[in-house]
Amino acid sequence: MSIFRRLSVSQKMRLMVLVANFATLLAAGAALFYHDLMENRSKAAAELTALASILAQGSSIALEFDDSKVAIENLAQLRANPNIFAAAIYTVNGKLFAQYLRDQRTKSDIPLMPEKDGFQFSAGELAVFQQINSQSGNLGTVYIKETYQLSKWLQDYLIILGAVLIGSLALGMLISTRLQRWISRPIQEVSSVAKKVMELRDYRLRAVKRSEDEIGQLADAFNGMLQTLEHEIAERNDAELAVRTLNAELEQRVADRTNDLRVANQTLVARTEEAENANRAKADFLANMSHEIRTPMNGILGLAYLLDRRQLDSDASDMVKKIRNAGRSLQAIINDILDFSKIEAGKLEIEHEPFRLQDVFDNLAGIMAANAGDKDIELIIAPPPNIHGHVLGDALRLEQVLINLVGNAIKFTDHGAVKLSVALLAKDDKIATMRFSVTDSGIGIALAKQTHIFTAFSQADTSTTRRFGGTGLGLTICRHLVIKMGGEIGVISEPGHGSEFWFTVPFAWSSVTDFVPPQLAQLDVLIADDSEVACEVMALTARSVGWIATKVESGEAALDMVRAKHEKKSAYDVLLVDWKMPGMDGLDVATAIRETFKDESSPVLLMVTSFSRDDLLKHPKIDMVDGVLTKPITGSMLYNGVATALKRRGHEIVAGLAPASTRSGKRISGVRALVVDDSDINREVAMRILNDDGAAFVHLEGNGKDALEWLYANPQAVDIVLMDVQMPEMDGYEATSQIRASAQLKNLPVIALTAGAFKAQQDAALQAGMNAFVAKPFNVDELMAIIQRLTHRVPEVAEGIPVDPLVSIDKKNLPITELPGIAVSKGLEVWKDMVAYKKFLLKFSIDYADCCAKLTSTHEENRHAEMHALAHKLKGSAANMALLEVAQCAQIVEMMPAESDPSEAISHLQAALNTAFASITLLLADDATPAATQQGPINVAEITPVLGELLRALETNSPTRANQLLKDYATVLPHDLIIALQARIDDFDFRGAESVTHHLAAELGIDSKEYE
């Protein structure tokens, strides 16, 4: 097609005529060829049929007289025709009577039986069957077969047809070449004129019109177009001339003005630089002055905090609190000024770090309560949406925005409520967009003032500024921070009906897999509050930490619910009761509940108040409650409040019993600990407590992921891990699970810093592999006792020391520092206290009495890794106890290759242990065990009901009831049982305490199953 497009009009016309002629002649030749071919075939068949008829007439007499010789002679006459190569005569019965074959032809050319009259063409041959008839009837059949070749005829025919076709096409081409000029010549003339116009740009040329047909009309239209262009170009030339003249005038004017503008621009640049320098100097001054003022202010606030912790009289304490409040207000103003200077200087940066919204809300709750003071307003914080992960952003800047908005809401609200809520607008695999809202019932803002409410140094109006104070920078900073975080901020308000300040922020987020159920899941909580909004939000908060929440709107209804639950042999785990309610207030409810549960374990009862906390704490009935929570209440605040209440209940001192630790020295000397907590303060406090009680080494990490990386790099560096359960990156449950999955760390004790005091929570944490629980905020004595138990620093029950009878040591006149196998002086350098040192030596002798037997069995069973681990553990323990010879022998066993025989080394180690055990016996020979000598035989009849009551108290997870039983029956229960049970109840290990009690009952022959 591309070639056809490039042909000229005359060539296209000739080509069309040629194609038309060729198609026509080809169709006619094909028809003629078919007709002649059919006629040729018919003629050949007719000639051979006529010959067969003649032969039939001549052969009839031979058939009548059965003279085959005559018939053969007749057939032989066919030799004169070279095309006939086979012939035959058949009798009327179809029997071959005579035949003729030319040259090399075979009998296969003659059919065995005759066929019906007729002819047939096949493979270049023609065959004819013809009946032989006479007056007497049918005598037989004649068969003749000849060659039928069309090639010669076809060749001649095609030559003639081709010659005719070529001649016709030549004639048609000649005629079309002459005639096409009538059409192509005018078109070519128009095309030629168009080319000249394009080349010469001469629009005065015209095409010649040679006819009145369409081509003539084309020439007229083309000439008209040229005439129009000629006029337009003339007009354009005139216009261009006018424009050039005008441009020349304008250029002159511009040149004149340019000089004026150059002078003006130079002046403007100089003034702009002066303004920028002034702004920069102002920003630098504000920043420097803010920093200079903040430095002494931090000192003032710090000293006021320390002074506030002293024992001061009420007047002095009140003045210190006012100093701290005034200092915080001044510091907030300074922070606003500094932030505003950063915004103007363009130096305010937004961080992108993972954090939990709940942590921000926890910090905000305390600030809201402090700002509200004794105002009669309801403070509400709704729990944030659960996105199953951490958001990435700037937690401090987000908190700053919320503090500003909430502070303003509290400041402009005298009565009613202030509520903070957050909603999830959209979420995909990468971004979670949230809408934060601070709603109040305060004075409201007029619509005309809302347009500039976020402008610097501006508030609702001048009178508001004078009445309530403020710099007017807070909302401006909020707007800049929200925009920096990729969101938008706005206000919805009506005078006299409160305001709603809202902002949206798109947070990147990362998923966090929850390894175990939420902390304290399945607790049954009853909430009583006359405020429907506050009650609903507290229920949402309780459910957000995995609890089951029931709501009532009065104290009477709460008491009815508790009694109904009690009648069904059940009870609520926690009660949250608002203090000031119409009718029966919170303290009345608490008193009634305590009376209901006089002889039983009552639920944890927390009083909730939004103001006058100090008055509540001074109330004579305050002892009826387990704790006080100040609104607004967050999930962590509720969680920690229950934890504190449980801790108080589980640590009552039993009269008549010695404390868990009676020595005055360090309680965990030599312990090496890892503290994992996402709070810098918590880590610092834990480290100071551990170091103060004798820890040899304390390492700190901020989350489970970093802790695991450090432990993998230093698997033998610590003896115990204190693990927070709620941390970014990786929580404590998942970190503990991975510790248990490691061959090197699976036996490392882990203490959970949580409040899992109920059976369901213990089961969940045990699945993760944690060994014990410590409620936050933790009690130091409780923590030390658990660390001692898990690190075997203090023996739980001393039953004696194995001593080799072959080892005999005379201790008369032997200095204590020269005992064989023990470097006592070195040990005391570490332990400081002889009593503690002796207890640990006793524990060592019990723990490693069969150590060599275990080493031998692990070697024989090809558990070489386990053998080396045991030797390594023995080496470390012996070194800490100053058993130097034992430590050296254990190191030899540890370093031996797996393929070598350690029998001799183990034998030397056993000898060193025997010597050490004998020396420990001498060292402890003067110590007595009062519990073993002060108590007579156990009275089974007397102890049986006591064990039943004890098991029932443990089944209800009631530390108060269990401790009371230990106190009441101290003279009945074995002393070692009291110690073992007290330690487990202190750790909230109720199941472990049950196991100890069942074990004693079995030893005494008591069936303890009847108590279940």
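**A helix and its surroundings**

In this predicted model, helix α19 begins with a contact from a side chain to the backbone: a side-chain oxygen of Asn703 lies within 3.0 Å of the backbone nitrogen of Lys705. Helix α19 itself runs over residues 704-713, and its buried residues are Gly704, Ala707, Leu708, Trp710 and Leu711. The spacing follows a general rule: an α-helix has 3.6 residues a turn, so residues three or four places apart point the same way.

Arg356 is placed in the loop between β6 (353-355) and α8 (357-372). Its side chain makes a polar contact of 2.6 Å with the side chain of Asp359. Apart from neighbours within four places in sequence, Arg356 is in contact with His390, Ser636 and Gln726.

The chain as a whole provides the setting for both sites. It has 1012 residues, 43% of which count as buried, and it contains 33 helices and 22 strands. Of the contacts between residues at least 6 apart in sequence, 67% join residues at least 24 apart. The accessible surface of the chain is about 53800 Å², and carbon and sulfur atoms account for 55% of that surface.

Definitions and conventions:
Residues numbered from 1 in each chain as written. Predicted model: local features only at pLDDT ≥ 70, side-chain atom pairs only at ≥ 80, totals over all residues. Heavy atoms only, no water. Buried < 20%, exposed > 50% of the residue type's maximum accessible area, 1.4 Å probe, protein only. Helix = DSSP H or I, 4+ residues; strand = E, 2+ residues; numbered from the N terminus. Polar contact = N/O pair within 3.5 Å; in protein donor to acceptor, adjacent residues only side chain to side chain. Contact = heavy atoms within 4.5 Å. Areas by Shrake-Rupley, 256 points an atom, 1.4 Å probe, with all protein chains shown as cover.
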